[in-house]
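Welcome! Take a moment to turn the model around on your screen before you read on.

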Amino acid sequence: MTPTPATRRWALLAMSVGVFCVQLDAFALNLALPRIGRDLHAGGAGLQWVISAYLLSTGTLMLGAGRLGDLFGRRRLLVLGLAVFGASSLVCALAPALPVLVGARVVQGAGAALVMPVGLSLLTNVYPSDLRGRATGRALGIGGIATACGPFIGSALTDAVSWRAVFWLNVPLAALGAVWASRTAESCDTSASRRVDWHGLATATAALVALCVVVDRGRHWRWPVVLAGLVGTAALLAWFVRYARVVANPLVELTLFRNGPYVALTLAGAVANTATVMFLFVVPLTLQGQWDLSVSMAGTAFLAPALAMALAGPIAGRVPPPAAVRVMTICLGAGAAVLACLAGASSLAGYLVAATVGGVVLGTANSLTLVASQGVIRPERAGEASGVTKTVITVAAGLGVALAGAVTDQNRGVGSEAASDTALRITALGCTAACVILAVWLGAHERQRRDTRLAQQQEKETGPE
């Protein structure tokens with residue numbers, strides 16, 4: 001089926017509702033864990049797996065999901081992902097015990113792993129080059145609303161109805177998204193063999209599982225166990241790279257990592273995503289702690305930063321690919337400045353103004369990672385590229401959560417001034433370092449281009465001897 005304006009709109013609607021559900025379920029249950037524990041007669045560290053199981057499953061399966069969409073049809077796998085997500089949400093809503101809920105969250109993460117990279121690559125292929133950035137930006141803007149407002153949507157539903165209402169909300173939305181996705185045009189990489197690199201998929205997934213478990217749980221372990229986990233991860237990744245060099249149709253073509261703009265955007269996006277997670281974790285709770293606002297007042301006060309983050313998706317969609325790395329550099333520098341201002345704010349009004357600016361720049365940087373990285377790769381391998389990018393930035397989000405827990409788990413909690421300032425300053429330093437590295441890379445890239453143009457000009461002037 002040739003993409004038409006109508007089928008493109010179906011793809012955009014399906015991706016928008018999919019990314020909304022996926023992002024909402026990543027953030028909506030954080031404040032509901034105590035209620036879940038009481039309802040399911042569970043407690044202790046096991047409750048954390050309600051969050052961790054979903055994030056780990058999503059992060060570890062995205063890499064393979066993106067490439068499978070390229071090979072077997074992006075529309076088909078997007079429909080499958082939404083169906084899996086909706087069905088597992090139903091099981092979550094009806095879960096009678098914690099093990100059932102955690103298991104269903106693992107399956108839900110598998111559905112989410114299909115929705116995100118496959119949906120992005122579908123938009124890349126059904127929209128023409130001059131429109132795909134805006135379309136992707138709009139879908140990510142919808143996801144930004146769920147990301148920024150997720151904790152408050154989850155707490156409001158939990159207080160008014162039940163934590164199960166978060167999952168019930170997913171069921172009709174996922175079903176509607178699957179119907180919309182089924183009406184769009186199919187696309188796949190017709191130039192590649194349909195043979196799946198199962199060995200590479202298994203090795204990469206095992207490496208990502210090991211890394212994500214270490215990132216998520218490492219702060220509770222002794223250092224020899226953490227070191228063993230990191231060594232095992234490195235060994236699996238080394239084996240994956242070695243195998244990819246010799247196999248005919250690898251899961252990920254290593255030439256992807258020779259694409260300078262793609263690598264720069266992906267690594268910068270990892271830093272931006274970590275900063276965003278810290279921002280979303282620290283700011284709402286600081287409004288309740290340092291500024292002594294109630295939960296409802298804190299949610300109302302955070303609306304401006306949340307809306308600013310949601311609007312950042314369409315902004316990122318309008319950035320032309322040649323300018324993407326430069327804009328990302330500016331966003332990271334501005335993000336570092338904003339985070340430092342938040343740490344030193346002396347009034348609530350100033351804090352909220354800085355947080356709103358932070359929502360714009362961090363939201364733009366996050367969306368730009370996915371929008372612009374799709375603009376610098378071949379469309380036929382868009383799923384592979386989006387899978388790699390989403391895997392990297394999702395694991396980075398896990399690092400952000402771990403960092404948040406490490407620096408803010410103090411006696412006074414994350415809402416205390418000292419703890420929140422420490423978290424924000426550490427994150428600002430990371431953004432500054434990434435900004436400097438990108439600026440140096442840009443300078444070297446520009447010099448190389450200038451030298452190439454001068455050499456070509458001299459060759460034309462002198463002519464053949």
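What you see is a predicted model, in which local features need pLDDT of at least 70 and side-chain atom pairs count only at pLDDT 80 or more, while totals for chains, interfaces and linings use all residues. Residues are numbered from 1 along each chain as its sequence is written, and side-chain values use heavy atoms, with hydrogens and water left out.

## The whole chain

How many helices and strands does the chain have? The secondary structure comes to 16 helices and 0 strands. Here helices (H or I, at least four residues) and strands (E, at least two) are DSSP runs, numbered from the N terminus. The radius of gyration of the chain is 22 Å, close to the 23 Å that the globule rule gives for 465 residues, so the chain is as compact as a globular protein of that length. That radius is taken over C-alpha atoms, and the globule rule is 2.2 Å times the number of residues to the power 0.38. Along the principal axes, the C-alpha atoms fill a box of roughly 80 × 50 × 50 Å.

Of the 465 residues, 54% count as buried. Buried means under 20% relative accessible area, exposed means over 50%, and partly exposed lies in between (1.4 Å probe, protein chains only). The accessible surface of the chain comes to about 19600 Å², and 66% of this belongs to carbon and sulfur atoms. Such areas come from the Shrake-Rupley method with a 1.4 Å probe; for residues, only the protein chains shown count as cover.

Contacts tell a story too. If you take those between residues at least 6 apart in sequence, 84% join residues at least 24 apart. A contact means heavy atoms within 4.5 Å.

## The second largest pocket

Rolling a probe the size of a water molecule over the atoms shows where empty space is left. On a 1 Å grid over the protein atoms alone, a pocket is an open set of points where a 1.4 Å probe fits, with protein on both sides within 12 Å along at least five of seven lines; lining residues have an atom within 4 Å of a point. The second largest pocket holds about 530 Å³ of space. A volume is the space filled by probe spheres set on the points, which are joined across faces, edges and corners.

Its lining has 21 residues, and Leu208, Leu237, Phe257, Val388 and Val392 lie nearest the centre. Which helix gives the most to this lining? It is α15, with 6 residues. The helices α8 (198–217), α9 (223–246), α10 (260–289) and α15 (382–408) each supply at least two. By type, the lining divides into 19 nonpolar, 2 polar and no charged residues. Ala, Val, Leu, Ile, Met, Phe, Trp, Tyr, Cys and Pro count as nonpolar, Asp, Glu, Lys and Arg as charged, and the others, Gly among them, as polar.

The table gives pairs of residues with their separations.

| Pair | Apart in sequence | C-alpha to C-alpha |
|---|---|---|
| Arg67 and Leu94 | 27 residues | 33 Å |
| Thr7 and Trp180 | 173 residues | 9.0 Å |
| Ala146 and Ala337 | 191 residues | 25 Å |

Thr7 belongs to helix α1 (residues 5–27) and is buried, at 8% relative accessible area. Arg67, in helix α3, is buried at 5% relative accessibility.

Ala146 sits in helix α6 (residues 129–160) and is buried at 0%. Leaving out residues up to four places away in sequence, Ala146 touches Phe20, Gln23 and Leu24.

Asn273 is part of helix α10, and its 14% relative accessible area makes it buried. Beyond its neighbours within four places in sequence, Asn273 is in contact with Asn366, Ile393, Thr394 and Ala397.

Is His41 buried or exposed? His41 is exposed, at 76% relative accessibility. You will find His41 in the loop between α2 (33–39) and α3 (49–72). The phi of His41 is near 55°, a positive value in a residue other than glycine.
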